[in-house]
Amino acid sequence: TRVTVSSRADLRVTKTVTDGNGGQPQPGDPFTWTIVLDNRGNAPARNVVVVDPVDANLTSIVPAQSGVYANGQIRWDSGTLLALASVNPGSPVTVSFSSAAKFPLASGTVISNQAQVTSSDVVGTLLSDDPTQGGATDPTRVTLTSAPEFALSTKTFVDQNGGETRPRDALLWTVTANNSGTEIANDVVVTDNIDAACFVNVREVSEGGTFAGNTITWRLVQLG
């Protein structure tokens with residue numbers, strides 16, 4: 001009397017991301033990406049290899065669980081992580097890496113990651129799935145929100161005659177446009193309305209500014 005037992009590995013791969021700063025993801029935020037290998041079959045998945053191509057908008061890549069980062073991707077295998085030699089049913093294996101979004105980046109930039117998994121007991125290449133999405137093999141994505149911020153811009157002056165400021169003194173005014181935000185500002189226009197008491201004596205305007213009426217205008221292609 002014989003019984004033929006049939007068994008197979010059924011490897012499921014999920015990938016999630018957390019923002020270390022919480023709230024709305026922004027350029028410069030730290031992110032941790034976590035991949036879970038869960039064998040729901042009834043046989044081991046042996047010789048598992050995880051390869052994770054890293055999005056070009058991520059930096060400061062630090063793999064955990066002995067992963068190796070090289071040539072834009074992270075690799076985990078049984079040579080560095082023994083648990084991948086055999087992923088057994090009911091014993092999920094987790095690998096992860098930390099990173100940061102580059103800074104600055106345009107608002108709406110999407111950072112997308114999807115791991116690729118192979119095993120000698122699984123046919124083909126498995127793709128990781130974001131369990132928060134509805135599809136079967138959704139990439140794990142983060143959409144960044146960013147904006148320029150000019151609140152730290154300043155305007156100062158120096159009395160070139162020294163001492164107390166008096167009528168007819170020569171004043172040198174300096175306008176500093178400062179973008180302290182998380183996005184590069186394009187086509188920036190800086191205007192400076194000159195007080196009627198001194199605009200008639202405006203002599204020089206630097207950095208390509210133009211003086212018309214009682215207003216000086218500078219046009220900047222970009223301000224990072």
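Colleague: Let's start with Asp52: is Asp52 buried or exposed, and why?

Modeller: Its relative accessibility is 0%. Buried means under 20% relative accessible area, exposed over 50%, and partly exposed in between, with a 1.4 Å probe and protein chains only. Asp52 therefore counts as buried. Before we go on, this is a predicted model, so local features need pLDDT of at least 70 and side-chain atom pairs pLDDT 80 or more, while totals for chains, interfaces and linings use all residues. Residues are numbered from 1 along each chain as its sequence is written, and side-chain values use heavy atoms, with hydrogens and water left out.

Colleague: What makes Asp52 and Lys15 a salt bridge?

Modeller: Their closest N and O atoms are 2.6 Å apart. A salt bridge is a side-chain nitrogen of Lys or Arg within 4 Å of a carboxyl oxygen of Asp or Glu, so the pair qualifies. Asp52 sits in strand β4 (residues 49-53) and Lys15 in strand β1 (residues 11-19), so they link distant parts of the chain, 37 residues apart. A strand here is a DSSP run of E with at least two residues, and strands are numbered from the N terminus. Lys15 is buried as well, with a relative accessible area of 0%.

Colleague: How many salt bridges are there in the whole structure?

Modeller: The search finds six. One of them joins the side chains of Asp121 and Arg46, at 2.7 Å from N to O. Asp121 lies in the loop between β11 (116-119) and β12 (122-127), and Arg46 is in strand β3 (residues 45-46), so this pair ties together parts that are 75 residues apart in sequence.

Colleague: Why is Asp121 called partly exposed?

Modeller: Its relative accessibility is 26%, which falls between the two cut-offs for buried and exposed. Arg46, at 44%, is partly exposed too.

Colleague: And Arg75 with Asp77: what makes that pair a salt bridge, and which label does each residue get?

Modeller: The closest N and O atoms of Arg75 and Asp77 are 2.8 Å apart, and that is within the limit for a salt bridge. Arg75 has 39% relative accessibility and counts as partly exposed, whereas Asp77, at 18%, counts as buried.

Colleague: How do you know that β6 and β7 pair?

Modeller: Three bridges join β6 to strand β7 (residues 73-76), and the two run antiparallel. Two strands pair if DSSP finds at least two bridges between them, so β6 and β7 meet the condition. One of the contacts sets Ala70 against Gln73 in β7.

Colleague: What is the strand order of the five-strand open sheet, and which are the edge strands?

Modeller: The order is β6-β7-β4-β11-β12, with antiparallel pairing. The edges are β6 (68-70) and β12, as each pairs on one side only. From one strand to the next the twist averages 20°, where axes are lines fitted to C-alpha atoms and angles run from 0 to 180 degrees between N-to-C directions. Between β11 and β12 there are three bridges, one of which partners Val117 with Leu126 in β12, and a hairpin of two residues joins the strands.

Colleague: What pairs with β2?

Modeller: β1 and β2 pair antiparallel over nine bridges, Arg12 having Asp38 as its partner in β2. Eight bridges join β2 to the antiparallel strand β9 (residues 93-101), where Trp33 stands opposite Phe97.

Colleague: Finally, what lines the largest pocket?

Modeller: There are 31 lining residues, with Leu171, Leu172, Trp173, Val202 and Glu204 nearest the centre. A pocket is an open set of points on a 1 Å grid over the protein atoms alone, where a 1.4 Å probe fits and protein lies on both sides within 12 Å along at least five of seven lines; lining residues have an atom within 4 Å of a point. The space comes to about 1000 Å³, the volume being that filled by probe spheres set on the points, which are joined across faces, edges and corners. The largest share of the lining, five residues, comes from β15.

How values were computed. Helices (H or I, at least four residues) and strands (E, at least two) are DSSP runs, numbered from the N terminus.
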